[in-house]
Amino acid sequence: MKLLASRLRRIPIGGLFGGAIVLFWIAMVLLGARVAPHDAGEIVDMDVFLPASAQFPFGTDYLGRDMLSRVLHGARYTVGIALAAALIASGSGLILGMVAAVRRGWLDAVLSRALDTLISIPSKMFALIVVAAFGSSIPVLVLMAGTIYTPGAYRIARSLAVGVGAQDFVRVAEARGEGTGFIVREEILPNIIGPVLADFGLRFVFIVLLLAGMSFLGLGIQPPNADWGSLVRENMAGLYEGAPAVLMPALAIASLTIGMNLAIDALGGRDALGGRRRSGEAG
Amino acid sequence: MLKLVASRLALGILSLLLVSAAVFAITSLLPGDAAEELLGQYATRETVEALRASLGLDQPAPLRYLHWLGGLLTGDFGRSLANNVPVAQLIGARLPNSLMLAGATAVVSVPLALAIGITAAMWRGSLYDRAVSVLTLSIVSVPEFLVATASVLVFAVHLRWLSALSAASDITSLAQFFRLFALPVATLCCVIVAQMIRLSRAAIIDQLRAPYVEMAVLKGVGPLRVVLRHALPNAIGPIANAIALSLSYLIGGVIIVETIFNYPGIAKLMVDGVSTRDLPLVQACAMIFCAGYLLLVTVADLCAILSNPRLRHP
Amino acid sequence: MAAALEVQGLEVVARNAEGVETPIVRDASFALAPGEVLALIGESGSGKTTIALALLGYARPGCRIAQGSIRLGETEVLALSARALRDLRGRRVSYVAQSAAAAFNPARSIMWQVTEMALLHGIASRQEAEAMAVALFRALALPEPERVGDRYPHQVSGGQLQRLMAAMALIAEPELVVLDEPTTALDVTTQIEVLRAFKAVLRARGASAVYVSHDLAVVAQIADRIVVLRDGVIRETGPTGQILSAPAHPYTKSLVAAAAPVPRGAAAPPEAPPLLVVEGLVAGYGRGGRDGMPAVPVLREVDFAIRRGSSLGVIGESGSGKSTLARVIAGLLPMARGSITLDGQPLPAAIGQRTPDQLRRIQLVFQSADTALNPRRSVARILGRPIEFFHGAKGAERDRRVRRLLDLVQLPAAAADRLPGELSGGQKQRVNLARALAAEPDLILCDEVTSALDTVVGAAILDLMDGLRRELGLSTMFISHDLHTVRSVCDEVMVLYAGQRVEAGSRRAIQAAPWHPYTGLLIASVPELRPGWLEERGTVSAPPDRAGPACCTFFPRCPLRQPGQCDVVPPPVQHLAKGSAILCHRSEAELLAGAEPATAEPLV
């Protein structure tokens, strides 16, 4: 406990702040619907695009619904879906990457070639193709985002694991006759987990941005459900009046992604990833 | 080295082939098909079958893929399902607009980003560098549509400098051209310049950590010369990669910008195609974007190969 | 005469992760007369490089020159502005880095880099500068002085690059040259030639020099005076002869003692049965042709045996295939041809085909404990795993065995809970050794286990290994580039050159002439701990001859080569009267006549 406290003290204030924002939004995935003052669909006022007030801190939207409640309800979609997709991407990328790095040979060649093909399709393009073919239900969105960002996670995990795998302590384990499972679990994983977590955070940010963009185009979460991207889209008419209804969901996205970036930077994650982030995260 | 260049080109072509297979596979995986989609759920079995045969959908998937690929290579992109016009005709009308937008953005953003990225790396740790870092990190952390809407708000609504809506069709004078173009280009630049600054700054700083840079400092070489004459020649490969990668953000940006500004480009065409699930149109647009992206990446890799002293002077 | 350089009360501090500054060099004071060569000697972490860089008014990122004075002639270096410092660097003080391969810019031609300083400081025109550079290349005995400047760093060998870097440092005719371990990264045979070139050119130009090194024997050849550093503090200063013959400070005494070889290990009884027999071993990388030869062969037709309880030393320079040999025996790199027999039973080539017992009986100890120990696992876990894996011991029994192992390698029991990063270099190497012992092996393969360590620490590890070997009845294969080390711990010695065994024999046989020409070169290249050795020793290595592929791999560098025979007919195995076998065409008498004068000090 004392150790934890002293470690926390060493993290720059920006990192703590960023981490707190991210944790808050993750909590809202579970609690958002419960703590919201109104129901997401409830029309609370006949005036649309109301400015911020004590009663409606985020104003009202184009139908006169409470924006604060809609943003809190939206966390479930924006944060929840991105979290699930990032877990799929980083999890499968990590496992495949480590196994490819340790086993080498044809398995590595086939996996790398296949995933390189996926990486040659810009992420937005991939998303548009998938939505055109399968529609935009939530499972499709989760799987789609998970698939798009798996190759990048694979590349990073593989490259990190190859670096660790080149070290002599892995040779020692091999010479002892240890199996792939032991080497991956005991020798490689503990040495790459830091950068992999940082990469998970960045991947989460990319997915939030991608899905928000899709929703903004009307190709993501479909009404009556709404994530923050769709909230910006449906309230675009309020842009010219500078209504909080269009600004607040946008700010919510920015707070989440910038918060995550601050947290990663503070933990030294970006440095640990070093030059490994090359291609594959294209728009 | 020629061998390396040739093999990189061959890899580019192979990637394009694999990508086309992937695009085709995804768009053909759905249990239903275009015929059912077109005719709706009340169509009889016979009419669906007839349409399916006329669209060639009764053939096995690999055959259809080859047929489609052959079409792509000969410029026959199929017919749009939504408005029954050849896809090539739709794209042909829109592609120049998008290329103009992308070209103008690249011309503005690449020199700007390199200048800022290199100077930030040179004075790393300074107030200037930290300001650049915070600003670019903020821009790449927010969605493109946010940057776009913010710039509409500032330039068109508050300052009333420029028109928010552009249409390339009714340009009559050069001044008008700039007015219409400025906002979309400025918005796109915001999105990709930030990315490009971050990547090129990182590429230079990576080189500045190398022992040969310390050696140059100990030889009495000044900071400007260290960056331009010592580090830069070694950073050409990484910077070319950074530019290619950032320009590929253009793809994401173009989609949003064309939609917001209602710009008649190919990205807008594709987004409309996705909404109406016009698969032939989506396939063709996707292949154009993917080919463009692969071209950029391949050119960047070739730059890296050609600038590598070990390969240049074997 | 006024001092060329005077350092007074220099203190350099380093900032750690928490932002706390701690001094890494404290109150360093020394002076240097014009034309004098001063050596800064110390082990890793002694602050010698930090002082060397401070002489150019430079501190690495994270470090800061906190106080003191550095006077170069009339100039106070630490008071100079950034611009004035740039003018000083290169022109009045120049620097030669440890690794020329890293310090040369890969994207620029050598001439561009060598002349840059002269052009930058406006000393000469491009033509003049290039003429000066060529003159320096010639003075430094570089091959093809007219053309070497047109090459790029990757096209030139390490020894040549190091000399080119000296040319770069001397082009502006500085008053002071700072050389930071300039020969440490080189092979011993190359080191001597580079050292000789440095010394000649420094003398000829009358430049003062500060020579940083950890190697007393090297320093003895070039320095007039020696400054001994430890933990950032100067311990002793004096003329070279005095420091070597009558060291005053206890630390200097231990350094001098560790640099002199100590014979260890009683020879195993010659009648002991062979434990490991290797015959016709061929190994390398890449898939080969039909004859089973790999595309890039690293080891060619190597034969040897290790007797039970004995120790075989394998010596060779970088690229000789000595580390590959250990990997092949351990099964990490399956051999392409040949056979390995362990205790009379054939050993399969790949790890996957060996039985757990076979794997247990041969253990490999790697050179660098930094990379050989998983940084995220405690010592207890690192040592516990082989005990579990090979002996099935769990829980308290395993912990008991871990404690016993720690005791065996003379580490405190408390070390069990530490992570490798919390241990010193010597302690880590002990853990590394203990892990091999945990398997209770018959044979331990030691790959350069002391070369990453400081001399004194390395000597302690050698003592420990020697004791363990006798106590536990182990056989060892001891791989090293250092002749001293091998001769002091091994019963038998095998010399590898370009993947071939060029000479093999007992320690005693390797001691005396005649040798295989390569062995002779190797022995003659190990500097002795006395001034003047470099001058006495003539040039032995023939200038490299790059003509065509040779039959004898050593042909291009051999001082006794016979064109027409050695490059046409593969050399036969020849048994010498002294008891060793060599791979050479020359007769014993010819070898004896052509051999170097035997080393002055007896080694055993």
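I began with helix 5 (residues 87-122) of chain B and helix 10 (residues 223-260) of chain B: they pack at about 145°, axes 8 Å apart. Axes are lines fitted to C-alpha atoms over the stretch in contact, and angles run from 0 to 180 degrees between N-to-C directions. Helices are DSSP runs (H or I, at least four residues), numbered from the N terminus. I looked up the residues in contact (heavy atoms within 4.5 Å). Helix 5 of chain B brings, among them, Ser98(B), Leu101(B) and Thr105(B), and helix 10 of chain B brings residues including Pro223(B), Ile239(B) and Glu258(B). By class I get 15 nonpolar, two polar and one charged residues. Ala, Val, Leu, Ile, Met, Phe, Trp, Tyr, Cys and Pro count as nonpolar, Asp, Glu, Lys and Arg as charged, and the others, Gly among them, as polar.

The model is predicted; local features need pLDDT of at least 70, side-chain atom pairs 80 or more, while totals for chains, interfaces and linings use all residues. Residues count from 1 along each chain as written, chains are lettered from A and ligands numbered from 1 in written order, and side-chain values use heavy atoms, without hydrogens and water.

Next, disulfides (cysteine sulfur pairs within 2.5 Å). Cys584(C) is in none; the nearest cysteine sulfur, that of Cys558(C), is 6.2 Å away. Is Cys584(C) buried or exposed? Cys584(C) is buried, at 7% relative accessibility. Buried means under 20% relative accessible area, exposed over 50%, partly exposed in between (1.4 Å probe, protein chains only).

Last, I checked residues 75-264 of chain A: the span is 83% helix and 0% strand.

Notes:
Helix = DSSP H or I, 4+ residues; strand = E, 2+ residues; numbered from the N terminus.
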